[in-house]
Amino acid sequence: MIKQVYLDNNATTPMDSQVFSAMKPFFMEKFGNPASRHSYGWSAKEAVEKSRKIISTEIHAKSRSIIFTSGATESINLAIKGLCQSQKYQRKHIITQVTEHRAVLDTCAAMENKGVDITYVEVEKDGRVDPQKVCDAIRDDTILVAIMHANNEIGVIHPIGDIGEICRENNILFLVDGAQTFAKIPINVKEMNIDFMTGTAHKIYGPKGIGFLYINYEKCPDLHPQIHGGGHERGLRSGTLPVPQIVGFGKAVELCIVNREAENRKQKKLRDNLIDKVTGSLPNTLINGSLDHRLPNNINFTFPTTDGDSLLIKLEHIAVSSGSACTSAKLEPSYVLQALGHNKELAKASIRIGLGRFTCEDDICYAAEEIIKAIK
Ligand SMILES: Cc1ncc(COP(=O)(O)O)c(C=O)c1O
């Protein structure tokens, strides 16, 4: 059998077996509905509240400020649309930036169609947002700044603390898409002046289909719900809670917290080895995005003289992607790399590599050989 190595952990991660074990009883034995008022319901509710506590503690927030959703996409939709639809704001302007995930860009575009003004701040050559440019974009009617913590394609970490400070000074709400960082990089919503934050379990070895939205109710008391029904989750997200997924999410967070320093160190070392091997043999290789402000598990290469159309086919033995999972599904060159100044050809001749908890040295040696062979 031909060896396959998974190096697309920024798209999704395999579930940790400990997460799976924690979830299992909640499918068949402890199957109660947490809204029910009997022992089955109570034990389900207890499990849900335990996970909510783990998640809220991780970001230094109160339990009640966490709303469970189906993932980061839904959380972002709830925050942006919910805010725009709230009666409190008549004239509306939102600031975001050009390399956000489609979940933010497309939701903003949908709001633009409804008359909301959106400013898209450009990024610098290293892929980071300059906080001054966010500051310069602020208007009297700005209600929200939406900037991701780390980019899903190039792994670049934005200066969230500085941008949060600007938002605080100007009394503007701040949304941070933490899909790539939650539980991997410590974050403190109070210190960083974050009013909305998202996270998703499937990026941290948990199940797919579960995420959260953190809401700072003190600054934003009247968010408009997007899913109506039984009034679950403080009336903001109706629907019976998926208890096994929520239990798995909590367990995944616990495991990340215990292991994160060692994991981040190991992944950075392996990632840097891969960079050395690839750039040593292919000196024309370009590295996209800042190396100093970057997720330890991510690297994004451009191979300038390569035909991008056949690149992923030639790399069939390693699971990497060109662009993010959603843009590679559309077979379009990455808009993130184009925002960094690459033309379409260069953007196509690029790959994103995401290491994970289960990546080992052998995988990296194999991937380096496959990449070098394919490009040469
Ligand atoms: C930065 C970022 N935001 C949002 C999302 C969407 O997350 P989900 O799959 O939980 O909807 C992803 C994952 O694809 C992501 O990487």
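Q: How many bridges join β5 to strand β6?
A: This is a predicted model. In it, β5 and strand β6 (residues 173-177) run parallel. The number of bridges joining the two strands is three.

Q: Which helix does the chain pass through from β5 to β6?
A: The path from β5 to β6 is a β-α-β crossover, and this crossover is right-handed. Its helix spans residues 160-169. That helix is α7.

Q: Is strand β5 mostly covered or mostly open?
A: Strand β5 covers residues 142-146. A residue is buried if 20 or more other C-beta atoms lie within 10 Å of its own. Five of the five residues in β5 are buried. So, by that cut-off, strand β5 is mostly covered.

Q: What distance separates the centres of domain 1 and domain 2?
A: Domain 1 takes in 5-13 + 260-375, and domain 2 takes in 17-254. Their centres are taken over C-alpha atoms. The separation is 27 Å.

Q: How many residues on the side of domain 1 that touches domain 2 are polar?
A: The contact takes 22 residues from domain 1 and 23 residues from domain 2. On the domain 1 side, β10 (298-302) and α11 (335-339) each supply at least two residues. That side has five nonpolar and four charged residues. Its polar residues number 13.

How values were computed
Residues are numbered from 1 along each chain as its sequence is written. This is a predicted model: local features need pLDDT of at least 70, side-chain atom pairs count only at pLDDT 80 or more; totals for chains, interfaces and linings use all residues. Domain bounds come from an automatic or database domain assignment. Two residues are in contact if their C-beta atoms, placed from the backbone, lie within 7 Å. Helices (H or I, at least four residues) and strands (E, at least two) are DSSP runs, numbered from the N terminus. Ala, Val, Leu, Ile, Met, Phe, Trp, Tyr, Cys and Pro count as nonpolar, Asp, Glu, Lys and Arg as charged, and the others, Gly among them, as polar. A residue is buried if 20 or more other C-beta atoms lie within 10 Å of its own, exposed if 12 or fewer, and partly exposed in between; C-beta atoms are placed from the backbone. Two strands pair if DSSP finds at least two bridges between them. A crossover is right-handed if, with the strands pointing away from the viewer, the path from the first strand over the helix to the second runs clockwise.
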